Amino acid sequence: HLKMNNYENAIIAAEKVRKSEVANEAMIREANYAEGKSYFQLNNFDKAMTGLKSVATDVKYEQGAEAKYLISEIYYRQNNIQKSEDEIMDFISKNTPYQYWLGKSFILLAAIYISKEDQFQAKHTLKSMIENYNSDTDGIKADAAKKLLVIENEEKSEQQKATDSSFQIKIKEQ
C-alpha cells in the first residue's frame, strides 16, 4: 500500500494485520512500519510515533533503521532538538548495517548543530560524511556537500559584512 502512496489504506491494512491471529512477528513489524510511515507522510507525527517506535527498537532490519531516523526527524520538526539529537546518538551506538539511514541521521545532526549555532560541529559532521561515507550514488554525499556549501557561503557573507562595516567606520572617522 505504501508504494501506491495510499496512506489511509495502508493504515487500515496495518490494523487488520495486527488483529489477525496468523500474523507473525515479521508481519506485525511490517504493519507497524507501514502505519508509522503512513502517518509520518500525512504529517500526523503523534500517531506516527507509535508504529515507528515499536519498529525502531531493532535497527538490524531496514524498517527499524528508517523508523529510527524518522523518529529523530519528527522530534526535529517538532522543535524538540535535544530529543532529536539523543535519538541520533542512540542510533549511532546501535551499529546498524543500513548506512543510508545513518547517513541521513548525520545530515540531520548537522542541522541540529546549526540550530544550536555550532557551525564548527556542523561543518565537521558534514565533512566527515563527504570523506568517509561509503556510497557515491545514494545522494548522501551530495546532500552533505550541498549543506556544507550553504554554511561556508553564509560564513563568507558574514565575514564580508564585518569587513564592510569596519570599512564604513574608518570612513566616518576621517
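Q: In this predicted model, are Phe40 and Phe45 buried or exposed?
A: A residue counts as buried when its relative accessible area is under 20%. Phe40 and Phe45 both fall in that class. The answer for the two residues is buried.

Q: How many aromatic pairs does the structure hold, and what is the angle between the planes of Phe40 and Phe45?
A: The number of aromatic pairs is three. One of them joins Phe40 and Phe45, with 5.5 Å from centre to centre. This pair is tilted, and the angle between its planes is 40 degrees.

Q: How many residues apart are Tyr69 and Trp101?
A: Tyr69 and Trp101 form a tilted aromatic pair, 5.6 Å centre to centre and 35 degrees between the planes. Tyr69 lies in helix α4 (residues 62–77) and Trp101 in helix α6 (residues 99–115). The pair therefore links distant parts of the chain, and Tyr69 itself is buried at 8% relative accessibility.

Q: What is the relative accessible area of Trp101?
A: Buried means under 20% relative accessible area. Trp101 counts as buried because its relative accessible area is 11%.

Q: Which residues do ring pairs link into a cluster?
A: Tyr69 and Trp101 form an aromatic pair. Ring pairs extend to a cluster whose members are Tyr69, Tyr100 and Trp101.

Q: Which residues does Glu66 touch, not counting residues up to four places away in sequence?
A: Glu66 has its place in helix α4. Glu66 is buried, because its relative accessible area is 6%. With residues up to four places away not counted, Glu66 touches Tyr33, Lys37 and Trp101.

Q: Which helices do the buried residues of α3 pack against?
A: Helix α3 covers residues 45–56, and its buried residues are Phe45, Ala48, Met49, Gly51, Leu52, Val55 and Ala56. An α-helix has 3.6 residues a turn, so residues three or four places apart point the same way. The buried residues of α3 pack against α2 (25–41) and α4.

Q: Which residues is Leu148 in contact with, leaving aside its neighbours within four places in sequence?
A: Leu148 is part of helix α8 (residues 140–173). With a relative accessible area of 8%, Leu148 is buried. Once neighbours within four places are left aside, the contacts of Leu148 are Lys123, Leu126, Lys127 and Ile130.

Q: How many Å apart in space are Leu148 and Ala122, C-alpha to C-alpha?
A: In sequence, Leu148 and Ala122 are 26 residues apart. In space, their C-alpha atoms are separated by 8.1 Å.

Q: Which pattern does the protein follow along the sequence?
A: The protein has eight helices and zero strands. Read along the sequence, the pattern is α-α-α-α-α-α-α-α.

Q: What radius of gyration does the protein have?
A: The C-alpha atoms fill a box of roughly 85 × 30 × 30 Å along the principal axes. For a compact globule of 174 residues the radius of gyration would be near 16 Å. The protein has 21 Å.

Q: What share of the residues is buried?
A: The protein exposes about 10,600 Å², with 50% of this area supplied by carbon and sulfur atoms. Of the 174 residues in the protein, the buried share is 39%.

Q: How many Å apart are the mean positions of the positive and negative charges?
A: The protein has 24 positive and 27 negative charges.

Note on methods. Residues are numbered from 1 along each chain as its sequence is written. This is a predicted model: local features need pLDDT of at least 70, side-chain atom pairs count only at pLDDT 80 or more; totals for chains, interfaces and linings use all residues. Side-chain values use heavy atoms; hydrogens and water are left out. Helices (H or I, at least four residues) and strands (E, at least two) are DSSP runs, numbered from the N terminus. The radius of gyration is taken over C-alpha atoms; the globule rule is 2.2 Å times the number of residues to the power 0.38. Buried means under 20% relative accessible area, exposed over 50%, partly exposed in between (1.4 Å probe, protein chains only). Accessible areas come from the Shrake-Rupley method with a 1.4 Å probe; for residues, only the protein chains shown count as cover. Lys and Arg count as positive and Asp and Glu as negative; His and the chain ends are not counted. The place of a charge is taken as NZ of Lys, CZ of Arg, CG of Asp or CD of Glu. Rings of Phe, Tyr and Trp (its six-membered ring) pair if their centres lie within 6.5 Å; planes under 30 degrees apart count as stacked, over 60 as edge-to-face and the rest as tilted. Contact means heavy atoms within 4.5 Å.
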